[in-house]
Amino acid sequence: MTKPPVLILGARSDMALAAAHAFAAKGHPLQLAARDAARLDAARQDLELRHRVSVTLHDFDVLDLASHAAFLDALPGLPGVVICAVGAMGDQTESEQDPDLAVAVMRTNYEGPAHVLGLIANRFLARGNGTIVGISSVAGLRGRATNYVYGSAKAGFTAWLSGLRNRLARHGIHVVTVLPGFVATRMTEGMDLPPRLTAQPDEVAQAIVSAVERGRNVIYVRPIWRLIMAIICAIPETMFKRMKL
């Protein structure tokens with residue numbers, strides 16, 4: 001049985017490449033999209049040789065909203081699954097001092113992904129099937145002083161995915177929200193992350209594959225994060241605003 005193509009947006013990230021290998025291992029052709037996509041050529045060759053699947057590269061800029069429709073039109077075919085791994089944490093202190101930097105973080109993590117996934121959702125709706133996977137963050141479940149710019153964008157993205165899922169579920173289109181928690185990637189390199197709470201990119205990738213195959217809606221890659229965030233979200237605001245988190 002021919003497997004549907006998987007489009008990965010933000011394909012140069014560690015989680016994206018791990019997901020590429022996980023889906024390719026199951027026989028899915030891949031469409032890898034990123035800025036300066038030619039830099040993914042070595043990864044393309046590795047995926048094709050290792051998994052014997054077709055891999056195509058596509059230039060994609062999440063912040064160039066006007067280019068998104070043409071980008072989708074240029075794909076070799078409408079994918080069966082799309083994974084949005086686009087994201088940028090930014091620096092909270094710098095964002096506090098420079099509103100333009102804050103806006104860039106918010107647009108990268110929310111506005112751009114929501115725009116392109118909205119276009120894809122409408123195309124899936126016209127076809128009558130498809131799966132959309134959005135990698136969000138537990139940081140969006142409650143604002144914290146140490147990363148509220150990034151967290152606010154992820155909060156918006158999580159809510160948007162929830163609404164999209166509610167809209168499309170009756171039409172045979174599946175929407176998955178991924179909440180990884182800490183992940184050992186280049187973006188978190190140098191951070192002192194607790195091993196028990198920190199997933200590896202391959203772990204995230206396998207969780208995504210499982211969610212797509214089993215029709216799951218919202219997944220915490222490591223279940224302990226569900227408990228942690230339930231506790232954090234339950235702290236009264238009068239106490240929470242005095243805490244350093």
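Analyst: Let us begin with helix H1 (14–24), which is mostly covered, since eight of its 11 residues are buried. Those buried residues are Met15, Ala16, Ala18, Ala19, Ala20, Ala22, Phe23 and Ala24. Buried means under 20% relative accessible area, exposed means over 50%, and partly exposed lies in between, with a 1.4 Å probe and protein chains only. Helices (H or I, at least four residues) and strands (E, at least two) are DSSP runs numbered from the N terminus.

User: What should I know about the source of these values?

Analyst: This is a predicted model, in which local features need pLDDT of at least 70 and side-chain atom pairs count only at pLDDT 80 or more, while totals for chains, interfaces and linings use all residues. Residues are numbered from 1 along each chain as its sequence is written, and side-chain values use heavy atoms, with hydrogens and water left out.

User: Which residues touch the most other members of the largest nonpolar core?

Analyst: They are Ile8, Leu30, Leu32, Ile83 and Ile208, in a core of 37 residues. The largest share of this core, eight residues, comes from H1. A nonpolar core is a set of buried Ala, Val, Leu, Ile, Met, Phe, Trp, Tyr and Cys residues joined through side-chain atoms within 4.5 Å.

User: What makes Arg44 and Asp41 a salt bridge?

Analyst: The definition asks for a side-chain nitrogen of Lys or Arg within 4 Å of a carboxyl oxygen of Asp or Glu. In Arg44 and Asp41 the closest N and O atoms are 2.8 Å apart, so the pair qualifies. Both residues lie in helix H2, three residues apart, about one turn of the helix. Salt bridges that share partners join Asp41, Arg44 and Glu48 into one network, and the structure holds eight salt bridges.

User: How do you know that Glu111 and Arg107 are about one helical turn apart?

Analyst: They are four residues apart in helix H5 (residues 99–127), and therefore about one helical turn separates them. Glu111, at 37% relative accessibility, counts as partly exposed, and so does Arg107 at 28%.

User: Why is Arg142 called buried?

Analyst: Its relative accessibility is 12%, and because buried means under 20%, Arg142 counts as buried. The side chain of Arg142 meets that of Glu237 in a salt bridge (2.5 Å, N to O). This pair links distant parts of the chain, with Glu237 in helix H9 (residues 237–240) and Arg142 in the loop between S5 and helix H6 (148–168), 95 residues apart.

User: Is Arg52 buried or exposed, and how do you know?

Analyst: Arg52 has a relative accessible area of 70%, and because exposed means over 50%, Arg52 counts as exposed. Arg52 sits in the loop between H2 and strand S3 (55–59).
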